[in-house]
Amino acid sequence: MKRATKVLASLTLAGAMTAGLSTGALASTRVPTAAKITLTGKATGVKLSLMFGSSGPAETAAVKAAAAAWSKATHNQVNVIPASNFTQQLDEAFAGGTPPDVFYLGSQQVETFAKQGELLPYASLVAPPKAFYPALVKAYTVNHTWYCVPKDFSNLALEINTTMWKAAGLGAYPTTWSQLAADAKALTKNGVAGLDVGNTLDRLGAFFAENGGSYMNAQRTKFTFNSPQNVQALDFVQSLAKQGILQFPPQQSAGWAGEAFGLGKAAMATEGNWIIGAMKSSYPSIKWVAVPMPAGPSGKRGTLTFTNCWGIPSASKNSRAAVSFVKYLSSYQQQLRFANAFGVLPSRIAAATAYAKQNPSVAAFVAGTPYAMAPVPTVGFSTVQSQFDTQVVNLATGGANPRTMLDQLQTNAEALLRP
Amino acid sequence: MTTLPGPDPDLLAGTAAGARRSRRHRLGRRLVGRGRGNGATAGQNVGGWLFVSPALGILMVFLVVPICLAIYVSFTDWSGVTSPFASTVHGVGFSNYASLLTQPGLSQQLFGTSLRDNLYYVLFVVPLQTALALWLAVVVNNRFLRGRGLFRLAFYFPSVTSSVAITTVFIFLFQGSGAVNKVLRVFGITGPNWLYDSRGIFSVALNNLGVHNPPAWSGHLFLGISLWQWLAGPSFGMCVLIILATWTTSGTFMLLFLAALQGVSPEVEEASEIDGASSWQRFRHVTLPMLRPALVLVLTLGFIGTWQVFDQVTLVGPYNQTTYTPAYLSYYVSFQDNQFGQGAAIAFLLFALIVIVTLIQRRLVKEDLTQ
């Protein structure tokens, strides 16, 4: 429980500040213009600071090891600062005029930082954009300028408890909503819910995407929350929730869906690849498999993705060394090391492909990348989303109406775009 | 015993003249004290300032300057990632305040919700914790109670335990299938999903009584939420926090009452006993009036503290919005949404509210004293 809460905390943290990527289709990406920047400081003999929000000891150790290896090779020093309350500490460091030279940054915040002129658009100095997944590059592009190098990402997939699956006598894994509903129904018995889904837009949004819905239009100029596709998707979720075959974590006294899944209270869950580490360390006895999220009635596949980038502040006095450090951190080899250490997916296409080949268990998570949808990047959306998330659990009792919830979400989100 | 300062006999008698007289006495003493200070030499004055200068310096750096800065920020669109005086920060006039008070929208709705939640928290916690603290103090002050020290320690214990630890324990206890609901099930009651149930307890009670459709007049909006929602009562999640706060803070206030009770001379109580007062009459007409200063202090501290509740809400809050308070909302919009101007505006509105509530309370207490 403790561990799971921690994982959840780090996830919410990651979700809240990462809230990355663009929304809508990921394929079309305009190649951003390379910004002209001047690097400052020396290449060696420099002391850098790196601030990050860690998901746990594994990540902290991996980042520290990487920093030590780079310092040794380049004769620099790195002060690694794992932040306990990352967003707050980062804001404080910037407001106080002493930002860390390198830090984790989610694209929801990229907009805030970039618009204030606080972010160094160094990305194209590290690698050409085509080395990374286009959606990730787009996520860190503000006003046609590619600011920072995507660090890694995580996608949602459908996790299935294979022991329960066999006991229920089920065959092939679900690829459509109707199969998902039927399988979940068959798996619901003896106090076990067929499917557990986190009670937040950051999980339910996957159903929108599967039904051809979206958060925003492709140009990110308009919200599309109350589209018929989204209403239909949330109606589907509610119909399962009302029957009790889909349950939300609080209904099962779980901190997050992965906990309900790990404790055997749910036969299926929709979580990201972070669940791999949690299952390994907290619930090693559960036998499970991950498959790509099923498609909606339109036959479209869909999932959600969450990501971070390596930020460098424009105020850094040692940006030359910082860029060289990020080059090292986002190299093919180092991305694979991070992936193996704490289960994130490498942002380099080549590294992600190699990682999926070495670890068949992550293949289902990587599979979603071409069509994955990212959280809303708009400044101030966090409060708007939390208003929606609050009502999700009431879908099960019929106390909340999908249409009304999405209309409210649309109205509140539109207010953010008004100048 | 005789060295203890006895209660003012006039005040004890409860006469208006007595109360007025005793107030004049106190005022007089204060004036005399001040006069003595004025008569001191200049050297002593300098010395005095020198002695208080560290405290003044700390107050300036950590209170006065940040408060002035926050006032400034509440009139800007500062995002928190630059210096508040950077060229990218714009003055926005009263728009941060307007979006909370006059412009319909999510900000106003959340602010209204947080005020409602906190109002019910105050209305329940202050009387409950005061009554409980007073009762506990009277119990452990009983000279014939065995193991008094043990009871005093036990009742005070929740107050010295970390509120974060206690809240975490409460979160576990009040889970959907947590210990509380398991106990309720023994009695055939299906408990609510406490922390996630955003329905107000009054509206749930009305629902159970068969009232499903709110009357037309209650649809009127005030601060973004309808009167029906204002009257819905605290959510189940808020009830958990009310229980928690009552339990943890009553120990502290028990101590204040206990100190006051120790000042009550036993002779007075014995005298009233000889005069034929029952134990309730003795408490109501002899002990309680002598506890008035402590009571005023406890109520004032209670009102101020409950309007600022933050840590428990932070721990429960991220799950849902069933327990919103202005203090938490201020933090949330500042640090999660990078809208520090809005956050500062909420903080100042909360400040104004606390000042008004405290002034009203002081006025009421004063009138009560002079009657």
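Visitor: Which residue takes a positive phi just after H2(A)?

Guide: His75(A) does, with phi at about 55 degrees, directly after H2(A). Helices here are DSSP runs of H or I with at least four residues, strands are runs of E with at least two, and both are numbered from the N terminus. This is a predicted model, in which local features need pLDDT of at least 70 and side-chain atom pairs count only at pLDDT 80 or more, while totals for chains, interfaces and linings use all residues. Residues are numbered from 1 along each chain as its sequence is written, and chains are lettered from A and ligands numbered from 1 in the order in which they are written.

Visitor: How many residues does H2(A) have, and what does it reach from end to end?

Guide: The expected span is 1.5 Å times one less than the number of residues. H2(A), residues 57–74, has 18 residues and reaches 26 Å from first C-alpha to last, close to the expected 26 Å.

Visitor: Which residues of H2(A) are buried?

Guide: A residue is buried if 20 or more other C-beta atoms, placed from the backbone, lie within 10 Å of its own, exposed if 12 or fewer, and partly exposed in between. The buried ones in H2(A) are Glu59(A), Val63(A), Ala66(A), Ala67(A), Trp70(A) and Ser71(A). They fall within an arc of 130 degrees seen down the axis, so they line one face of H2(A); the arc is taken over directions from the helix axis to the C-beta atoms. In general, an α-helix has 3.6 residues a turn, so residues three or four places apart point the same way.

Visitor: What covers that buried side, and what lies on the face turned away?

Guide: The cover includes strands E1 (47–53) and E2 (77–83) and helices H13 (319–329) and H14 (332–342), of chain A. On the face turned away are the exposed residues Pro57(A), Lys72(A) and Ala73(A). Ala73(A) is exposed because 10 other C-beta atoms lie within 10 Å.

Visitor: How many residues of chain A are in contact with chain B?

Guide: Contact requires C-beta atoms, placed from the backbone, within 7 Å. By that rule 27 residues of chain A are in contact with 26 of chain B. H17(A) gives the most to the chain A side, with 6 residues. That side divides into 9 nonpolar, 16 polar and 2 charged residues. Nonpolar covers Ala, Val, Leu, Ile, Met, Phe, Trp, Tyr, Cys and Pro, charged covers Asp, Glu, Lys and Arg, and the others, Gly among them, are polar.

Note on methods:
Contact = placed C-beta atoms within 7 Å.
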